[in-house]
Amino acid sequence: MSNTSTHLVDSFSYYNFYQLNQVPNARGCLLDLVFSSFDTPTVQLANTPIVSPDSYHPPLFVSFPFPTPITAQDTRTYRDFKSADYKSMLRYLGSFDWENTFSLYSVDDSAVVFNDALLSSINKFVPIKVFSPSKFPKWTSTILKHLIITKKKAHAVYKRTKSISDYLVFSEYRAKCKRQSKVDYSAHIRHTEEALSSSPSKFWKFVNNLKQKPPIPSSLHLGNIVSNTPTESANLFSTHFSSTFNSSAFQLSPFTGSSDYLSYELPSDITFSVDDVFSALKSLKNTYSNGPDDISAQCLYNCRFSIAYPIYLLFRRSLDLVKTRVVCVFTAKQWPKSSTIRVPVGTAVNVTCGPPKAFYCRMSGPSGEVSRHKGQCWVHVKSVGSHHLDVWTCWSVTAESAAEVQYTLRLHAYREGAVTDVGCDETPSEVRVFCNVRNGTATPDGGDGHFRSKYCRLTLPRDAKILSLAYGRGTTRYSYYGATYNDCGVSFAKPLRGSEIGRWKCMNAMSDDRVYGGFVVVVPPNNTKGIPPLTVTTGRSVMVPKGNTFHVECSVHSEIEYCWLRHPNGTAIPVTVPDSTAAGDPKRVGTRYRYTGEGLSFGQCHVAIGDASTLDTGPWLCALGLRDDRREMYGTMDVTVSESVIAARQEELYATEGTQVTLGCDTVEKQPIAYCRFLTPRLLGFAVDEKSNAQPPPRYAYSGQGLTAGHCGLSVDRVDDSDYGNWTCAVKILDSSGSEEVSTTVLLRKPEGFTMIQIIGIVLCGTMISIMSLFFANHLITNPSAKTTKKIEKLEMQLEAGEQGASRRVGARRAQNSTRVIRTQPGRSKHGSIPRRI
């Protein structure tokens, strides 16, 4: 058996194919092979050939028995390569030392090892999705699905109770289902007809699904001959096309058993490099189909930096094993003395230098490190950084070189994806604001026809105006500014207006479904006031039912480097923005948290938090790390998680008799309500709404923005003793699921102790009394009466006598110490007495 036959057999055996044909031709040879992955089909000599048989290819009848009818599976699983973690796959595949690993095995075993490593990485980092076909037709809307489910529930209730009221409910939902199905089907037909011009394939797919008969007609006509069976129809086709088929034109020589005419083996000395393998893998960029091994071409493209080198080693070793009749030797000087490669920052890569058939090599990197080993020069880099960039030098020795030959390799790194140029410039007559994007993976000349801007949006400072510009589209003042399809900019004439001074937001949406850009500060040269300081804008306080999803949103008009949240219980939650914002990307921060903003470049820290619980109630703090000055700014947002779909405006109220008070309940998600009713503490029930013809009991009136806004409020005028106690607020929410009535309780209390007005009155009275007391005391002191004067003089004389006695005692003690003290009489007042001591 020749090598080609061996490879053919091995390939089909690898895919578990069986050769089923055992019918030889007239010369006793098997030229027609029938392969199948099942061994149940049978191959026999056909009795009624479609065309005239020749001696080399007998007519065959192939039957595929199916003991049971084929039914569509309800569910199936598949690998979602679009959601794969390719960064982890690159790190995993890049961690292997492929050259040393392959040296331990044969070529075939090395291919198995590489295949096992690739499949292992797929099992680890490519998620498995479950696809379940819908039980409803494709044109069924969400509203109709809810109605059908509700109708089935109502029908089950009616079957159980046999009640007329339950039958009426079931009948109502059945009528709604019929009406909604007509609406949905009409919309589906309309969209299908409109797709005839935009997507003809969808239209004809719809038409083919409507056909109840097979596409092959039951009868055919050829001249005056009519066929009524499939066999007769096949014979008519054979007769009609027999003139174009000449069996004598293909006369094959007898099979001699020689395989000389199959000698197209590949030469083992062809020259190719890792760059050639990398280019071949890169050509799979826009290919998304799976191969026979169920591996997506997109997976091979995204892993090209880690698998290019092992694939190159496998092909090189495979070709080196082939024995050929002609040997062409390429000398060492044919290998380029210098080359350049470009790789993404942070990825694993094998840096190869020099010819692959080198005996040994020594290699020096940009940082001065030196490596020596056998074979081609190469160094495995786990994560490309700045210290790996620039020139790598290697010296290799081959069979054709008498001395070491020096080769150089220049390594360039780039950030995978796009590079954004955000800024502004000005000329003597105009100002230009732009956010241009360049594809980081494109060639240095910038050529990448598939990477272009989808829309360009610029927002003036303080959100004064939003511009959507394109080439040839603008306004009287604002014109599009750009040179390529990747540019997004605006130009406007000087002088600047007040609304144009500040921080512009520039957003450039590209064809990779990502939005690039940032903020641009525009100020005139002679500006002395500057621009307003940055402030954090937070979303409004939210109220959400338990189990639902709520959003915590904070933003600032500046680019941010990171952001994080603080839970009301004090837990810090880091927010990781996904690399891609393409459709279907989960954007996960954690198990409950999902980033929903436009990007950190636009200063947005918007996070959706699922499965709300009462523990989430409280103030949420968000911290935003500014990219320019490396400081953090903070904002808080209040969140209330309700156990029910409605919540009382205030669960407990205080009101005095004769005053006015407002109480009520609102739907948490602002859902419209069918009615709003209240039950007083004295069990008096009534309904209210915003309509003028509503007639609630006296002193009661509706309060709120309307039932459609989800507001159920009541204004109580001239509160009396019968209004104190528990009020019941009940509503029925309007939705397609036919929800039941929900209610909550509001407690109205009479204030205990002093009211606020009484407290204010007491404080005012006390203040007046204190002021009057001070005034009266001052009046007695400054203008005393005669009786008061005499009492004061008497008291002063007593005090003076006491002081003189004390002075004599002190003088006696001082005399004993030979100290003389001279004491002067105190001065008299105009009333003839000494000054008073107060």
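Let me begin with a term: a residue is called buried when its relative accessible area is under 20%, exposed when that area is over 50%, and partly exposed in between, computed with a 1.4 Å probe on protein chains only. By that definition D723, with a relative accessible area of 0%, is buried.

Please keep in mind that this is a predicted model, in which local features need pLDDT of at least 70 and side-chain atom pairs count only at pLDDT 80 or more, while totals for chains, interfaces and linings use all residues. Residues are numbered from 1 along each chain as its sequence is written, and side-chain values use heavy atoms, with hydrogens and water left out.

I will take the salt bridges next, where a salt bridge is a side-chain nitrogen of Lys or Arg within 4 Å of a carboxyl oxygen of Asp or Glu. The structure holds 22 of these salt bridges, and one of them joins the side chains of D723 and R699, at 2.9 Å from N to O. This pair links distant parts of the chain, since D723 sits in the loop between β39 (711-716) and β40 (725-733), and R699 in the loop between β37 (685-687) and β38 (700-702), 24 residues apart. There is also a network, in which salt bridges that share partners join E657, R682, D721 and K750.

In another pair, the closest N and O atoms of R749 and E652 are 2.5 Å apart.

Three bridges join β29 to β30 (residues 604-609), and R594 stands opposite A608 in β30.

Which residue does E598 meet in a salt bridge? The partner is K505, at 3.8 Å from N to O. E598 lies in the loop between β29 and β30, whereas K505 lies in strand β22 (residues 502-510), so the pair ties together parts that are 93 residues apart in sequence. E598 is partly exposed at 30%, while K505 is buried at 16%.

Conventions: Pairing = 2+ DSSP bridges. Helix = DSSP H or I, 4+ residues; strand = E, 2+ residues; numbered from the N terminus.
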